[in-house]
Amino acid sequence: MVIIQHAHQGVTDDVFLRLDGLLPDSEVFLKLEGLNPAGSIKIKAAVGMVEDAERDGTLGSTRRLIESSSGSLGIALAMVAAGKGYSFTCVTDPNVSPQSLATMRALGAEVVQVDERDANGGFLGTRIAYIHERLAEDPGLVWLNQYANPANPATHARTTATSILRSIGRVDQLFVGAGTTGTLMGCVSHFRAHSPRTKIVAVDAESSVTFGDRPRARHIPGIGTSRRPELCVPEAVDEVIHVAEPDAIRMCRRIARERGLLTGGSTGSVLAALAQAGPFIPSGSCVVALSPDMGERYLQTIYHDEWVDRTFGDQVLNRRDVSCLPLSV
């Protein structure tokens, strides 16, 4: 196990954990974004979108922001807003973890939870509809709109993707989870220009409509959508792997117990996708997978037996046949 670290400009953007033995005859590096301020990769999008809005005059004299988030961006924006003296409203839903909810409120954010599912069985459409209602009532309110804001992927092209090539060099395959697809599209933009031979694999949740799966209710925040983000260009990626939520949870728990690494559900999904793809990855490859946040925020959900049993029944706790690569070395 080797850690490569380099920090700059307040963002810990170059921390990689080499997962020895995960793929036979290949190297796997997990890019750990959970060590960033606000505890996730979303601090980069939050800073990038706010600073872009300040530069182009979108914020003007208003000091009031609103955004839809399942947790991590909400925390990041709450931190940025507090530091800059803005008020911030986060519109979220029942899938947000209790820790994320408490963190946003501790940072001074107003948190609104919608509870009505949209036409595709998720909450994103309802969250955005609520934001439109608030904007109609208050024209001075500014919606950063992470799902369509070009500053979102531009930030990741400039930071996340750049740091991968700077730190690792040759990257044969890159696995990125798809939520708003800001990180994914930013990586696509940078890698197509600077490392076009890198295969980019988008990891999505089963029941997410982002890459055309049939919509159903989901429970793990941070990956998948019930409404395709405007930023998403599906044909820009080389492959899409859909991961079932029980597989993501089993992977999170296995990584925690066998590697001592507590990760969030998006990371579990990305590593489960890597496990599915493993037999088809050529020997001698260098593979990078993105880990958006750590697992402390999910101790009452993903790592809580009662929540898992109540939400998924025996699909997780009583099954040992998770389709994954050997993780012990």
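Student: In which hand does α2 pass α3, left-handed or right-handed?
Tutor: This is a predicted model, in which local features need pLDDT of at least 70, side-chain atom pairs count only at pLDDT 80 or more, and totals for chains, interfaces and linings use all residues. Residues are numbered from 1 along each chain as its sequence is written, and side-chain values use heavy atoms, with hydrogens and water left out. A crossing is left-handed if the near helix is turned anticlockwise from the far one by less than a right angle, and right-handed if clockwise. For α2 passing α3, the crossing is left-handed.

Student: At what angle do the axes of α2 and α3 cross?
Tutor: Helices are DSSP runs of H or I with at least four residues, and strands are runs of E with at least two, numbered from the N terminus. Axes are lines fitted to C-alpha atoms, for helices over the stretch in contact, with angles from 0 to 180 degrees between N-to-C directions. The axes of α2 (residues 72–84) and α3 (residues 98–106) come within 9 Å and cross at roughly 15 degrees.

Student: Which residues of α3 are met by Gly74, Ile75 and Ala78 in α2?
Tutor: Contact means heavy atoms within 4.5 Å. Gly74, Ile75 and Ala78 in α2 meet, on the α3 side, Ser100, Thr103 and Met104.

Student: Which residue in β5 is the bridge partner of arginine 64?
Tutor: Two strands pair if DSSP finds at least two bridges between them. Strands β4 (residues 64–68) and β5 (residues 87–92) pair in the parallel sense over five bridges. In β5, the partner of arginine 64 is serine 87.

Student: In what order do the four strands form the open sheet?
Tutor: The edges are held by β6 (110–113) and β7 (142–143), each with a single partner strand, so one side of each is left without a neighbour in the sheet. With parallel pairing, the order is β6-β5-β4-β7.
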